[in-house]
Every structure is written in structure tokens, then in C-alpha cells.
Amino acid sequence: MGENEKKEGTQPKYEEGALKIHKLTQAEVVFSVVGCGIGSGCLGTAYSARLAGLPVLVFWFIVTGILTLFSMMYVAETTLRTRTLVQLPGLAERYLGPAGSILIFIAVVINSLSCMIAYFSGSGNILNELLGVPDWVGTLIFLIPAAGVAWFGLKAMGVGNKLMSIGMIVMLVVLTAASMIAKNGDLSRIFQSNWTYAIPIFNVAAFSYIGQYLVPDLARGLSHDPKKLAPAIALGQLIVCVLLIIVPMGVMYITPAEDLTQVATIAWGRSLGLWALYIANIFALIAMLTSYWAISQTLLSNIVDKFKFHSDEDVKIRLPITIVIVGIPLALTLSGAVGFVDAIYFSGTFAGAIMAILPIFMLKGARKKGEIEPDWNCGWMYNSFIQGIIILLYSGTIVYAILGAFKLLPAGW
């Protein structure tokens, strides 16, 4: 029992299930959100928005950032109303039934594998640019620190994300400042827009923020002090929003649309010079590393939770799951079956919609059937108007993606 529980006697006691509790600090939670959000999404947005323009992208970053934050808060309150700490599938099964659990588990798997494909593909491109090695060799080089840290679990993820995220922010400030004073910059590029392509850009922006699946892990890490969970998530999302806007702005300011690359930092470095090529792409590699750690840890936890394995720390369980969640995206990447931006787009469309919409109904169930009345709740954020906007926007993009695939509507790029 924590100190607050001893003093007040009112704090709820959260219980370990198959997922073991490892305490996180509030700063580690903030930077876990940042590390998860600043990954392949921010690196692919400049390319995917080259036809729509930066104003369209910024608009959607703000809208989707706010809506995703609401959805994450719904998950946070749902988690805090549940005594045994489980993952999204466990919460969905408890409050929505087996169908909801299966649906959200599929969404987590699709999004996680899409992210990993993007990381493996993007890291191969970057290390090819920096070292001249073949893409597949670059991917395997990236895999060593990615899978190595992820193996050690939740606490390693928290510490790694905090250290690396601070480094990312410093590099990003340097690159952005250099872009703003570069001779080849053109202010008009960042004000051009074409709203014809607005809807598909929403999907890419939504992908960049997907983080609902991370919230139960963060709640587990802050179960000793749950009041700090919501403020930490909100601060992390705010930092993510600012950084997501800065990356494409810096790239598009100095790079013509026709020269943008799928991994933005490659074009950024080429435009600024050799020193920037290395800094920009080291930033990109770190961004993908931090996201990989968060997402692989969460995917493993979701699999343990969904299939009711007895522990996420038993090597006999952890090792085969790790091999599967590394092997599938690695095979798809090396085969060339899925591209970097396509992985982002389709993940943002389908997985993003499920993970944005279902928490609305999960929280409704938790308020009726939850075991704990938490000290914090969503308050005004949980209202029918906001819920309606979330359902309308995210379900609408699924329809758009399907029609776009059949070339009945314009693609984003």
C-alpha cells in the first residue's frame, strides 16, 4: 500500500494481474507519450501532405490532437475504475464483451505492426543514406537497439524514452533554427494549401497521435499515484503536437514539394547540408527507436492480456511473443510488400478509428460496472457533442479510404 493510502485510507488499491507493476515517474510517463507520438508519423507527414500543404496538416494536427487526447482520457478513467490492471482488450472485454475485446485487439495489432513496418522501412532508408549500406542491412542494424531495450520491459521503456526524447527535442530545435535562416528557404511554401486533399491527411495526422493503447501501461506505472496520470498524458500530447508541426514546417520551408522524400529527414538533411543530414537522420532514428520501444512493449502486453498468459515476464512466454512481433513486420519490410507512408495511412484509418471510438463506450460501461470510484475523472470532456464529433470524423475516414482505394475519391499523394 502506498504512502497516500496509509495516510488517507481512501486511495484505491490496484492489483497486479499477469502484467507486473513497475513504477514510473511522472516525467517518464510524459516522455513515454512523447516517444510514442514522435515516430514514423512525424517523419512521413511532410511527404504525405505535399499536395495538401502545411496549413491543412496543421489544422488536422490540432483537431486530431484534441480528439485523441479526449479518447486517451476516456481510457485513463476506464483504467482507473478497474481494480486489476489490464490492457485495452481486457478493459474492452470487461465493459463491452468479447466482440469489443476482439475488435480493439485487432486494432492494436494492426496499428503496432504498421508502425513497426514503417520503422524498419524508414530506418533502412536512413542508414542507406548515412552509411551507404543496403536498406535491408540498415534495417537489421536498427533492430539491435530497438529489440534489445524493448526486451527489458516497461521500466526500460520509460527510462529510455525520457533520455532519448530530451535529445530529440534539442536536435529538433537546432534543425528548425537552421532551416529558418537558410538561404534556400521559401516562406510561401509553408502557406500553400489545397483542401481537396484534406480528408486523407486527417488519417495521417490521426496515425501520428494514436496512443490509446499506451494508456493502460502508463496507468500501471503510475498506479502508486494515479492523480498524476491525466496531467502527464495531457502534457505529453501537447509536446507531441508542437513537435509534429515543427518537423514538416522545417522540411517544407526549405524543400520544394517535388523533392520531398517519404522519410522527411532525408530531404531535410539534403537541403541544409552534410552536418544537418547526420543530425536530422539521427533524430529520425531516435524518434523511431522511442516509438518502437513503446509500441512493442504495449503489443506484447496486449497479447499477454488477451490470451490470458500468466506473466509478461516469464521468458518462456516473452521470448516467442517477441520473435513473432519482430518477425512479421521485418518479413513484410524486407519483402517490399508494404511502403513507409502506406503503412502509416492505412493504420491511421482503420486502427485509429477503432481506438478512438470504442473508448467512448468502454467508459460508459466502466461508470456503470467499475469497481473503483477514482479521484480523477474526465468531467466535461465526456459529453455527447465531443463523442459525436469523434464518431463522425473517424468513421467517415474509413469510408473515404475505401472509396479512395477504388479510385472513386482523390488519394492524398
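**Close-up views of salt bridges and a nonpolar patch**

**View 1. Glutamate 371 and arginine 94 form a salt bridge.** The closest N and O atoms of glutamate 371 and arginine 94 are 3.6 Å apart. Glutamate 371 has a relative accessible area of 42%, so it is classed as partly exposed. Arginine 94 is also partly exposed, because its relative accessible area is 33%. As in every view here, the model shown is predicted.

**View 2. Lysine 228 forms a salt bridge with aspartate 225.** Between lysine 228 and aspartate 225, the closest N and O atoms lie 3.2 Å apart. Lysine 228 is partly exposed, with a relative accessible area of 34%. Aspartate 225 has 16% relative accessibility and therefore counts as buried, since the cut-off for buried is under 20% relative accessible area.

**View 3. Four residues are linked in a network of salt bridges.** The members of this network are Glu77, Arg81, Arg367 and Glu373. For context, a search of the whole structure finds eight salt bridges.

**View 4. Six side chains form a nonpolar patch on the surface: Phe350, Val399, Ile402, Leu403, Phe406 and Leu408.** Together, the residues of this patch have about 560 Å² of accessible area. Helix H16 (residues 384–405) gives the most to the nonpolar patch, contributing three residues.

**View 5. Isoleucine 402 is a member of the nonpolar patch and lies in helix H16.** The relative accessible area of isoleucine 402 is 40%, so this residue is partly exposed. Patch residues need over 30% relative accessible area, and isoleucine 402, at 40%, therefore passes that cut-off. Among the other members of the patch are Phe350 and Leu408.

Terms used. Residues numbered from 1 in each chain as written. Predicted model: local features only at pLDDT ≥ 70, side-chain atom pairs only at ≥ 80, totals over all residues. Heavy atoms only, no water. Patch = residues over 30% accessible without salt bridge, like charges linked within 9 Å, V, L, I, M, F, W, Y side chains within 5 Å. Areas by Shrake-Rupley, 256 points an atom, 1.4 Å probe, with all protein chains shown as cover. Helix = DSSP H or I, 4+ residues; strand = E, 2+ residues; numbered from the N terminus. Buried < 20%, exposed > 50% of the residue type's maximum accessible area, 1.4 Å probe, protein only.
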